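Please read it alongside the sequence and the model.

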Amino acid sequence: MDSRTTLTGHLRQLACLYHVQTAYYDMDHRRQQASVESILAVLQALGAPLHSLDEVIPALREKRLAERRRVLEPVTIVRDGERPSIRVCLPAKSAHHLLEGSLEMESGERRVFQCPADALEIIGKSGAEGSDYLVRELALPESLPRGYHSLYLNIAGKTAQTLIISAPLRAYAPGGKGDNRSWGIFVPPYALQAKNGQGSGDYSTLKALSGMVAEKGGRALGTLPLLPTFLDEPFEPSPYSPVSRLLWNELYIDVDDVPEMTDCAEAQALRKELRPEVQALQNAPLVDYQRVSQLKRRILEACCRYLLRQKNGRLEEFQAFLRHNPVVEDYARFRAAMEKRGSTWPSWPASMRDGSLRQDDYDEDTRNTYAYMQWQAHRQVESLAESARRKDVTLYFDLPLGAHPQGYDTWRERDSFAPDATAGAPPDPVYSHGQDWRFPPLHPEKTRERGYRHFIAYIHHHLQHAGMLRIDHVMGLHRLFWIPAGMEARHGVYVRYHAEELYAILALESHRHGSIIVGEDLGTVPGYVRPAMSRHGLRRMYVLHYELACDLPGGLRQPPRDSVASLNTHDMPPFASFWGGLDIPERLKLGLLNARSAREEKRERQKIKSALATSLRRSGWLSGKEEEVRTVLEACLAFLGASRARSVLVNLEDLWLETEAQNVPGTAEDNPNWCRKARYSLEELCRLPEVRDTLKEINRLRKQKRK
């Protein structure tokens with residue numbers, strides 16, 4: 001065996017210690033082996049002390065020694081009703097030492113204890129660098145309340161710490177008798193227009209829509225992420241590349257619902273002056289993010305100046321909001337510093353890059369404006385949520401997998417991210433070279449060592465108002481495809497996360513807020529993911545579009561009971577486009593298909609349509625002509641409506657047979673993604689017979705008792 005083969009074997013051992021998968025199975029169940037170069041690059045991105053294969057042996061030795069010397073794991077999970085059992089790793093020679101413990105409860109209560117190390121039961125042993133280590137079990141005397149608690153152990157003058165997450169095994173599920181089968185509608189927030197709107201949808205329009213849903217008998221309103229995005233320089237309107245997952249999008253503020261508008265003469269004059277341009281923006285078929293954002297900001301700046309001059313009770317409310325939400329103040333400074341320097345944080349001076357901003361690093365008026373806009377966004381999202389709750393409508397929010405690489409989260413929480421890699425997906429039949437999503441992945445160990453504070457914070461942010469939360473790419477709780485900087489997506493490597501710890505946080509937070517957790521489990525899903533979701537009470541997604549990719553000899557597969565069922569998603573063509581094959585020439589034009597694959601796609605599409613029509617006829621849902629797209633659409637919706645799925649989500653645009661997609665993945669530079677407005681205003685669509693009658697039938701089917 002040559003030296004390179006030996007070193008490669010050691011490299012794989014090192015990769016295992018860093019939770020790096022050196023191989024994976026692709027969509028065709030073929031084993032794909034990662035190259036030595038890819039493994040080395042990912043290990044470097046994870047912080048391993050090596051730059052070449054020649055350095056793997058000392059790096060392996062160092063990692064093994066660090067693992068043995070770790071007295072406590074950074075995180076320990078305790079389930080409801082269990083007595084806490086803590087894994088303690090100690091040198092064998094320390095058996096006679098006294099352990100001094102301090103348990104600090106989330107409530108602030110503190111419990112102290114002492115015990116000799118040799119009184120703890122030995123549950124394992126290991127050796128490193130000539131020293132023996134014993135793994136002992138520290139059993140705390142009583143169960144812990146749900147929450148985040150910290151255990152500190154002092155032995156021979158050294159202190160170790162573990163975060164104890166005391167959580168239920170399963171996420172929250174509503175009680176009550178009966179089927180609990182509900183339905184709701186989905187619409188992108190920017191697309192939904194009111195007759196007298198401001199160039200894009202806003203929080204007030206969503207509030208009005210929730211009322212319409214309730215009137216029709218619906219119980220859910222789903223939308224895309226409502227998080228802030230860059231709308232100037234840099235410009236990235238995608239809701240899946242947010243500046244932060246801890247705040248709300250300023251674009252969706254309804255300026256007419258801002259209290260200062262009532263008395264601020266300057267803001268009223270601006271509103272009147274800008275009305276013709278706002279009307280032109282409102283009439284345009286696409287959202288002009290930059291101009292809408294600029295016009296709203298001018299009005300909100302005037303409102304902010306007015307508030308600061310008045311020094312009244314409203315100002316006290318604003319100041320109290322900032323005291324209770326320090327992240328808003330920090331974010332406002334960050335955005336103001338970006339504007340003053342005209343650049344993003346990676347190019348800032350070292351002290352600023354590291355999170356330290358002085359007052360002369362930003363303009364105070366700009367900081368005030370961003371803080372004020374966040375106050376208004378928070379206030380309007382809270383109003384939306386309260387209104388929906390009163391109407392018994394659940395807000396179904398969407399949590400994106402990542403954050404913009406130049407955004408606030410990656411600046412403030414730098415140590416939680418791996419900046420020398422991006423997340424993505426391996427090659428598949430659609431993306432033959434793989435996908436690079438261009439945002440840095442969370443570092444599995446550094447986030448853990450920081451007590452998952454960032455993860456907990458953005459879950460909490462959403463669940464304050466979301467009765468249901470969709471976890472984008474739920475497979476990321478288990479593993480994520482890392483692409484080392486400078487490499488192509490096809491050379492990426494999977495890195496594993498501590499899934500049980502992440503599930504524990506989701507379960508705990510979902511119970512605290514009474515919110516349902518939904519995992520986006522579409523596409524290629526490892527076999528262990530869905531059983532884990534079921535074990536932890538996460539609802540699945542059932543998308544008819546995906547089901548049609550399978551053979552249908554026995555008919556359509558019924559949606560699972562604990563699922564959210566829909567015809568399609570925002571990343572798919574609307575139903576009318578799919579049924580008419582209109583998406584195929586569009587993808588050909590965009591370069592996503594070549595002439596040969598387009599012909600194959602047309603042939604395959606015809607087979608799928610025939611199989612679907614046959615299945616719907618057999619089950620009694622389709623009686624008309626399958627050439628008529630509305631007939632097939634209504635049959636598909638009836639199939640979903642009568643199903644056992646807990647929730648059915650209807651894409652509002654499908655009801656008027658929209659053919660233009662909201663997003664075509666992989667076409668960011670060539671297609672107006674995330675910009676297209678709905679064809680009808682809220683007032684108009686409420687009167688459309690095809691909307692009214694279809695929703696009425698879905699409501700009837702959802703309320704019908706299942707045999």
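Asp398 has Arg470 in E18 as its bridge partner. The two strands concerned, E15 and E18 (residues 468-471), pair in the parallel sense over four bridges; strands pair if DSSP finds at least two bridges between them. Helices (H or I, at least four residues) and strands (E, at least two) are DSSP runs, numbered from the N terminus. This is a predicted model, in which local features need pLDDT of at least 70 and side-chain atom pairs count only at pLDDT 80 or more, while totals for chains, interfaces and linings use all residues. Residues are numbered from 1 along each chain as its sequence is written, and side-chain values use heavy atoms, with hydrogens and water left out.

**Strand E15**
- Leu395 in E15 stands opposite Leu221.

**The antiparallel sheet**
- An open sheet of four strands runs in the order E17-E16-E19-E20, with antiparallel pairing.
- Its edge strands are E17 (435-436) and E20 (493-496), each of which pairs on one side only.
- Four bridges join E19 (residues 479-484) to E20 in the antiparallel sense.
- Arg496 in E20 stands opposite Arg479.
- Helix H2 (residues 36-45) lies across E16 (421-425), E19 and E20, and runs at about 105 degrees to E19.

**Ala423**
- Ala423 is in strand E16.
- The relative accessible area of Ala423 is 0%, so the residue is buried.
- Beyond its neighbours within four places in sequence, Ala423 has contacts (heavy atoms within 4.5 Å) that include Trp437, Phe439, Leu480 and Ile483.
- Ala423 and Val493 are 70 residues apart along the chain, and their C-alpha atoms are separated by 9.7 Å.

**Helices H13 and H14**
- The axes of H13 (residues 453-463) and H14 (residues 499-513) come within 10 Å and cross at roughly 30 degrees; axes are lines fitted to C-alpha atoms, for helices over the stretch in contact, and angles run from 0 to 180 degrees between N-to-C directions.
- H13 is therefore roughly parallel to H14 (an angle under 35 degrees).
- In H13, Phe455, Ile456, Ile459, His460 and Leu463 meet residues of H14, among them Leu502, Ile505 and Glu509.
- By class, this contact of H13 with H14 has seven nonpolar, three polar and one charged residues; Ala, Val, Leu, Ile, Met, Phe, Trp, Tyr, Cys and Pro count as nonpolar, Asp, Glu, Lys and Arg as charged, and the others, Gly among them, as polar.

Conventions:
Parallel < 35°, antiparallel > 145°, perpendicular 65-115°, else oblique. Buried < 20%, exposed > 50% of the residue type's maximum accessible area, 1.4 Å probe, protein only.
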